[in-house]
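Work through the exercises below with the structure in view. Each task is followed by a solution in steps.

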Amino acid sequence: MTPARRAATPSQATTPRQATPSRQGKAPTKRDRIAAELRRMISEGELPRGSRIQQDVLAAMFDTSITPVREALRLLEAEGVLVGEPHKGVRVADADFEQVKTVYLMRRLLEPYAMQRAARRLSPRDIDLAERLAEEMEQAAAEGDRARLNATNYRFHFLFYANCGNEGLTNEIEQLWQKFPWDVLQVVGDRAEETSNEHRSMLAAARLGDGAALAKATEWHLGRSFLALARHLTGQRIADPFDVDND
């Protein structure tokens, strides 16, 4: 991948993207819009790990009072995305390995199961769309467009999860995705071809309607991604913690 564009601070950002309604169909509140935009900026590397968040700058960016800004920051602190420090304010949290490992374990439990359920519900049109998204990811990776790669990867996976037949399960997976350090994973540069092959294996299983194979391909994909991320964060190879004999 080519280097990502220079990270932007809230004071440098332009008008934030319009937030989309929640899966329950409710219009997002100002707090939700601000929180969603901050999650996006962090996941795409526009707000680097450790950078300070200025409430007055956010209020100006969103053309709002300070109250919904504070509410959004409290929400993201509760999620572990931001960290509040006495007399210093709020900053973007560093990627904590133990927290990332916990999120990975939860994803390994939920996502393959959701994929297996989705295999019975996907239409040929859904699978054709998933293939186009896989192609778009490959193009974005080749061009070093991390923002487009990140957004398309989300669309690809949630095309499956949204068809699992259980909205609550889809929402739980989405919350786990919000806690995962996608910005850090994207700088692991030797995964692009491997990731593409993994997505293609998932597509092949989906076209066959083979839920077990789709779940297995998803397990492999999640495991390989986590182990690459773990090596980046710790500087060493580790055993897969999803194996019950490994800590």
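**Exercise 1.** In which sense do β2 and strand β3 pair, parallel or antiparallel, and over how many bridges?

Solution. This is a predicted model: local features need pLDDT of at least 70, side-chain atom pairs count only at pLDDT 80 or more, and totals for chains, interfaces and linings use all residues. Residues are numbered from 1 along each chain as its sequence is written, and side-chain values use heavy atoms, without hydrogens and water.

Step 1. Strands are DSSP runs of E of at least two residues, helices runs of H or I of at least four, numbered from the N terminus; two strands pair if DSSP finds at least two bridges between them.
Step 2. β2 and β3 (residues 89-92) pair in the antiparallel sense over four bridges.
Step 3. L82 has V92 in β3 as its bridge partner.

**Exercise 2.** Find the order of the strands in the open sheet.

Solution. Step 1. The order of the three strands is β1-β3-β2, with antiparallel pairing.
Step 2. β1 (52-53) and β2 (82-85) each have a single partner strand, so one side of each lacks a neighbour in the sheet.

**Exercise 3.** Explain where the buried residues of α5 lie.

Solution. Step 1. Buried means under 20% relative accessible area, exposed over 50%, partly exposed in between (1.4 Å probe, protein chains only).
Step 2. The buried residues of α5 include I127, L133 and M137.
Step 3. Down the axis of α5, the buried residues fall within an arc of 130 degrees (directions from the helix axis to the C-beta atoms), so they line one face of the helix.
Step 4. The face turned away from the buried side carries the exposed residues P124, R125 and A142.
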